[in-house]
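Subject: Structure for your review

Dear colleague,

Please find the sequence and structure below.

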Amino acid sequence: MQILLRLDQTLQAQRGVLLTWVPVCLGLGIGWFFLLRSDPGFQTWCLLTLTILLALPLTRCRDSRAMIAWAILLICLGFLSAVARTALVQAPVLAFRYYGPVEGRIIAIDRGSRGALRLTLDHVRLARVVPAKRPARVRVSLAAGSESPEVGATVATTAHLMPPQGPSEPGGFDFRRYAWFMKIGANGYTRVPIVVLKPAQEGLYLHRFRYHLSRAVQDRLGAKTGGFAAAIIAGDRSGVAPEELQALRASNLAHLLAISGLHMGLLTGFVFTALRFFLCLIPALALRWNIKKISAAAALAVGAVYLGISGASISTERAFIMVLVMFVAVLLDRRAISLRAVAVAATLVLLRRPETLMSPGFQMSFAATTALVAVFGWIRTQRLAPGPVWLHPVLTVVVSSAVAGIATAPFGAAHFNALSHYGLLGNVLAVPIMGLVVVPAAVLSLCLAPIGAEMVGVFFLQLGLEWILGVANWVAALPHAQSGVVMPGPWVLPLFSLGALVVLLWQGRLRWGGLCLVGLSLAIWGQTDRPVLLVSANGSLVGVLTPEGRALSRATSQGYTAKSWLAADGTPVSQAEAAQRWAALAKDRGIWVSGRRIIHITGKRRAEAFVGCHASDLVVANAVLQHTGPCAILGPDRLRSSGSIAMTQNGILISANELAGDRPWSRH
């Protein structure tokens, strides 16, 4: 009884921060849905219904039972929102490999991981495919050096298309789930020119405006900084050179390319501050009107316009919701920046797009925001003011960069398998220039554009962007600027996130218990064992773990898969170097894993020449073998149903489709 009374007192002490736990409970429900191996069945729905019926009466209690009941209901709400969202975005997915004519309207242009332009098409038409089975959208990569027509144009080409592919290894990033929520039912490539059937004349007005704005920005600033400027102004990253992107990633400045909370906050904050300052210079307005609320409304309107012209991507939408909550709080005479405001923004984002919970953008954005608000709130509460007043802006930049870097580092390392060692240095040198030079110059150039005087702002905009790119290249060139990180297991980030949230949100001494969860997650991460054998989904690439690192069976083919495997191992060497390890092993004693000899056969000729194998052999082939034997064979038929395959340290084979389960996005 004493334990229950103490528990009740502990929970009652959290009433002041109940709102901050709402997105946490929603996230638990959404995570529950995505962790299922199959769609919710009869038993799941019965359990959900019973739980809701039992929890509803308890919400009227005046003790801790009400809080527990509300937490349970919010978890159920998160689960139901994920179910509804999955059903609402359902669209046809191509069920086979297709080669032939492709027609469609361009709705987006971006670049792939290799730098090639990619077109996203809707209103798709495919030969010999009935309308009911045509994908709602397809993504087509163009040949190197190709130029894209204008957004909104209806185009035609001959392309290779395939269904969205599964993870490159079991437990890895599942592109099929991402494509499902983007309604992309096929992706592929073309090697022939794009033919414009109908120029952009009507519809997609905002998309076309963004396209022309991006081209105008790139023409004004030139090739060096034009792509960067187009990315932060119009959300068009297609003009960013691959070498610049690599430098920004190595210096931990790639977040400046994505229109996120930083850009939206800097823009709306600049508009709010500047407008409030100028209105203060007009006594007739300053003495009669609440200029603070007028400035907040104007900044919110500017944020809404920026949301539209930047493409309203998921990250930009998330940033706008955070700004919306902040300025609505100002209009309602509430504190604009608080953990409650962050919680409201996270709640709205999760209810609108539950799938963003699994994305690195959501996790890193709200990790940084929550940590910054919590730390600066603590500094304000403790009334800390180290050093002279003139030094406070510098300390603020350093502290904010350090806090944001520490908060986002685990998520960035987990998703991208890389850790930037000089990220703090790069952000301290670049982020202030973004806020003090780039954003004001961009606003000035856009304001002066109607009268043809935009070059005044463009001059300062170019100076600021050149500085940022210079910092990125300098930091990236420092010794050991980046190191690889092993891909964590599925429970590492959830445990880490829950522990960090307990530390930041819980009231009382028990908050430090969250450090135990953080420590446990890092310990599990440190003990992660990589598969000793990896087989690609089409059988064209095999990777074996050796004491020197991963050895790959091929030096040139399957570049994306090879890069993913090597990065997940925490040893991002080149594919050619990994292939040399394979050749050395094969020449020395053959490829052996867990007592099995690995034989990799590629191409029809080698498959036809294959004469048999021994019982201890494991044969991987991307073509049908004419002869078999007592060995285990991973051929096209087996891999088509299993997806990529991994062998654990114990010699157990695990398939990607087995881990992914039977979900709507994994059935094609």
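**The disulfide and its surroundings**

The link between Cys613 and Cys631 is left-handed, with -65° about the S-S bond. The model is a predicted one, in which local features need pLDDT of at least 70 and side-chain atom pairs count only at pLDDT 80 or more, while totals for chains, interfaces and linings use all residues. Residues are numbered from 1 along each chain as its sequence is written, and side-chain values use heavy atoms, with hydrogens and water left out.

A disulfide is taken as a pair of cysteine sulfur atoms within 2.5 Å, and by this rule the count comes to 1 disulfide. In the bond from Cys613 to Cys631, the S to S distance is 1.7 Å. The pair links distant parts of the chain, 18 residues apart. Cys613 lies in the loop between helix H21 (604–609) and strand E14 (617–621), and Cys631 in the loop between E14 and strand E15 (632–634). Helices (H or I, at least four residues) and strands (E, at least two) are DSSP runs, numbered from the N terminus.

For accessibility, buried means under 20% relative accessible area, exposed over 50%, and partly exposed in between (1.4 Å probe, protein chains only). Cys613 is buried at 11%, and Cys631 is buried at 9%.

**Other cysteines**

Cys46 is partly exposed, with a relative accessibility of 36%. Cys280 is likewise partly exposed, at 43%.

**The five-stranded sheet**

An open sheet of 5 strands runs in the order E11-E10-E9-E16-E17, with antiparallel pairing; two strands pair if DSSP finds at least two bridges between them. Strand E11 (549–552) and strand E17 (653–655) stand at the edges, each with a single partner strand, so one side of each has no neighbour in the sheet. On average, neighbouring strands are turned by 20° against each other, direction ignored. Axes here are lines fitted to C-alpha atoms, for helices over the stretch in contact, and angles run from 0 to 180 degrees between N-to-C directions.

Strands E9 (533–535) and E16 (645–647) are joined in the antiparallel sense by 3 bridges, and Leu534 has Ala646 of E16 as its bridge partner.

Helix H19 (559–568) lies across E9, E10 (542–546) and E11, at about 165° to E11. Helix H20 (575–588) packs on the sheet as well, touching E10 and E11 and making about 80° with the direction of E11. Contact means heavy atoms within 4.5 Å.

Yours sincerely
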